[in-house]
Amino acid sequence: MRNEKNNYRPNRRNFSNNRKNNNVHVELNQRVTVTIKRLGINGEGVGYYRRKLIFIPGALPTEVVQADITDIQPKFLRAKVVQIDKKSKFRVEPRDAYAGEVGGFELEDLEYSQQLKFKRDLVKQALSRFHPRGYEKYDVRPTIGMENPYEYRNKAAFQVRTNEDGYVIAGLYKEGTHEVVNMQTCSVQYPITMKVMRAVVDMVEDFEIPTYDEKTHSGILKTIVVRAALNTNDVQVVFITNSPKLLKKQKLIMRIAEELPEVTSIMQNINPGDTPLIWGEKTVHLAGNETITEKIDGLAFDLSPRAFLQLNSIMTPKLYHLAGEALDLDADDYLVDAYSGVGTIGLTLADQVAEVRGMDTVEEAIADANENAKINHIDNAEYFYGKAEDILPQWMASGWRPTALVVDPPRVGLDQALIDTILQTRPEKFVYVSCNQSTLAQNLVQLTKSYNVDYLQPVDMMPQTPHVEVVVKFTLKK
C-alpha cells in the first residue's frame with residue numbers, strides 16, 4: 001500500500017496552515033500531546049501538532065495521546081504512542097501481543113463495527129483525492145464484513161532466522177526494520193497454518209538447518225510458506241531458500257510425513273541473494289503433490305505455490321457472487337477474465353455465459369487455470385499467458401469481441417495500456433474488483449470517460465488491517 005505521505009494532498013486551507021508551520025521547532029524523541037482527528041490510509045492516527053500534520057500508529061480518533069517524535073519531514077511528523085490520556089470508547093484489547101509491532105494488525109485495537117465504517121470512509125477519501133467524474137454522487141455502500149473477523153488467512157509466509165541464542169525464530173518483520181518478530185500464535189491465521197508453521201520451525205532447529213543471515217547473505221533457509229485449503233484440508237509447505245541445496249532435506253520430509261499428515265504437498269522455491277521479493281523464479285517439487293486443491297462454490301481449484309488466491313477463503317465466494325451480480329451476465333455473453341490468476345472468478349461464472357477467456361502474466365497461474373477448467377469439466381473457458389492490453393486487441397482483430405469484462409488487478413491498479421484498450425473495446429458489462437482504493441480512484445478518472453459508476457461495494461477480506469476490497473459496477477455511456 002502507498003504510504004500516507006505520498007497520498008496526502010492538502011486542500012488550500014491545509015496547505016496554507018502547513019506552509020506557515022513547516023518551520024515548527026520539534027526534535028526527535030520530543031514528547032508531544034496530540035488529539036487524534038481521524039485514521040489515515042494505513043490505519044494510523046492522524047492529528048496536528050501546532051497545526052502540523054502528525055501520524056501516530058496505534059492511536060484512534062477522539063483519543064488524546066502522548067507520543068514521542070520518530071520522524072520529522074517538511075510537511076508532516078511521525079510519532080509513537082507512549083501514553084493514552086483519553087481513550088476512545090471503541091478501543092478494544094488486541095488478541096495478539098505483537099499488534100503494533102508487525103503489519104497485518106493495524107486495526108486490531110479498534111472495535112470491528114468501526115473498522116467496517118473506516119473502510120467505507122477510506123473509499124470515499126480516495127474518491128475525494130482524485131475526483132473522478134461525478135464522484136460526489138457515487139453510491140458507496142456499507143462495507144460487508146465477517147461474522148467472525150479472525151482465523152481467516154489461508155496462507156502464512158514467515159521469515160526464518162537464527163537469533164543470538166542459537167534458536168530458530170519465524171515471523172514477520174518489525175515495522176520499518178528487518179528485525180524478525182517471533183510469532184508463536186496469530187489470531188488472523190487459520191489455526192492449522194500456525195500449527196504446521198511452528199512444528200516445521202522446530203524441525204529446522206532440531207536438524208540445525210542453516211537459516212539465512214541478511215548481513216552476510218549466507219545460510220540456506222529464508223522463508224517458510226504454509227498455505228491451507230479451507231474446504232479440502234490440504235496443506236502445502238514451501239521452503240524458500242538462498243541456494244538450490246537444502247541440507248537435511250530427506251530427514252525433514254520424513255519427519256513432516258510422520259508428524260504432520262495434513263501436509264499433502266512439500267515444495268522448494270529458490271530465491272538467491274539479497275532481494276525484497278519473497279519468491280524466486282524456480283520452484284522444485286520435494287514430496288507429496290505439486291499442488292493443493294481448494295473448493296470455491298463447488299468448483300475445485302488446483303493451486304501451485306506461487307498461484308494467487310484471495311487470502312480469505314471464507315469471504316471469497318461472497319466476493320465472487322457480488323462480482324457476478326454486478327456483471328448481470330446472460331447466456332449470450334463473452335466474458336474476459338483479466339488478471340485471472342488460477343481462473344477463480346471466470347470459472348465460477350462460466351456456466352452463465354457463452355465463453356470465458358482469461359489472461360495473466362504468471363505462467364504457472366495460467367497452467368493452473370486451464371487445468372482447473374479441465375478438472376471441473378468446463379469446456380467454454382480458456383486461459384492465456386500474457387498481458388490483457390496485448391491479447392485483447394489480437395482477439396478483436398480476429399473477430400472475437402467481448403461483451404463483458406471483469407478485472408481483478410494487483411495493488412498497482414490497471415496498466416495504462418489496458419485502460420486505453422478498455423476505452424477502445426467498450427464492453428457493455430464491466431466490473432472492477434479492487435484491492436487498493438487509491439489506485440482504483442485514479443483509474444476511475446479515465447474509465448469514467450466511457451462508463452458511469454453504478455455503485456461501489458466495499459468488502460472486508462482482511463479484518464484487523466486497513467485493507468479493503470471494492471467491487472465496482474459500471475454502465476457503458478450511450
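In this predicted model, seven strands build an open sheet with mixed pairing, and their order is β8-β7-β6-β9-β10-β11-β12. The edges are taken by β8 (180-182) and β12 (282-288), each of which pairs on one side only. On average, and with direction ignored, neighbouring strands of this sheet are turned by 35 degrees against each other.

Strand β7 (residues 168-173) joins β8 through three bridges, and the two run in the antiparallel sense. Within this pairing, tyrosine 173 has valine 180 of β8 standing opposite.

Next come the helices. Helix α4 covers residues 191-206, 16 residues in total. From the first C-alpha to the last, α4 reaches 23 Å, close to the 22 Å expected at 1.5 Å a residue. Which residues of α4 are buried? They are Thr193, Met194, Val196, Met197, Arg198, Val200, Val201, Met203 and Val204.

Helix α9 (residues 388-397) packs against helix α10 (residues 416-425), with the axes 8 Å apart and at an angle of about 25 degrees. Because angles under 35 degrees count as roughly parallel, α9 is roughly parallel to α10. On the α9 side, the contact is made by Ala388, Glu389, Leu392, Pro393 and Met396. Their partners in α10 are Ala417, Leu418, Thr421 and Thr425. Sorted by class, this contact of α9 with α10 has six nonpolar, two polar and one charged residues.

Finally, a word on backbone angles. Most residues other than glycine have a negative phi, yet asparagine 233 and aspartate 328 have positive values. Another positive phi belongs to glutamate 208, which follows α4. The table gives the values.

| Residue | Phi | Location |
|---|---|---|
| Glutamate 208 | near 55 degrees | follows α4 |
| Asparagine 233 | about 70 degrees | loop between β9 (221-228) and β10 (235-241) |

Methods. Residues are numbered from 1 along each chain as its sequence is written. This is a predicted model: local features need pLDDT of at least 70, side-chain atom pairs count only at pLDDT 80 or more; totals for chains, interfaces and linings use all residues. Side-chain values use heavy atoms; hydrogens and water are left out. Two strands pair if DSSP finds at least two bridges between them. Helices (H or I, at least four residues) and strands (E, at least two) are DSSP runs, numbered from the N terminus. Axes are lines fitted to C-alpha atoms, for helices over the stretch in contact, and angles run from 0 to 180 degrees between N-to-C directions. The expected span of a helix is 1.5 Å times one less than its number of residues. Buried means under 20% relative accessible area, exposed over 50%, partly exposed in between (1.4 Å probe, protein chains only). Angles under 35 degrees count as roughly parallel, over 145 as roughly antiparallel, 65 to 115 as roughly perpendicular and the rest as oblique. Contact means heavy atoms within 4.5 Å. Ala, Val, Leu, Ile, Met, Phe, Trp, Tyr, Cys and Pro count as nonpolar, Asp, Glu, Lys and Arg as charged, and the others, Gly among them, as polar.
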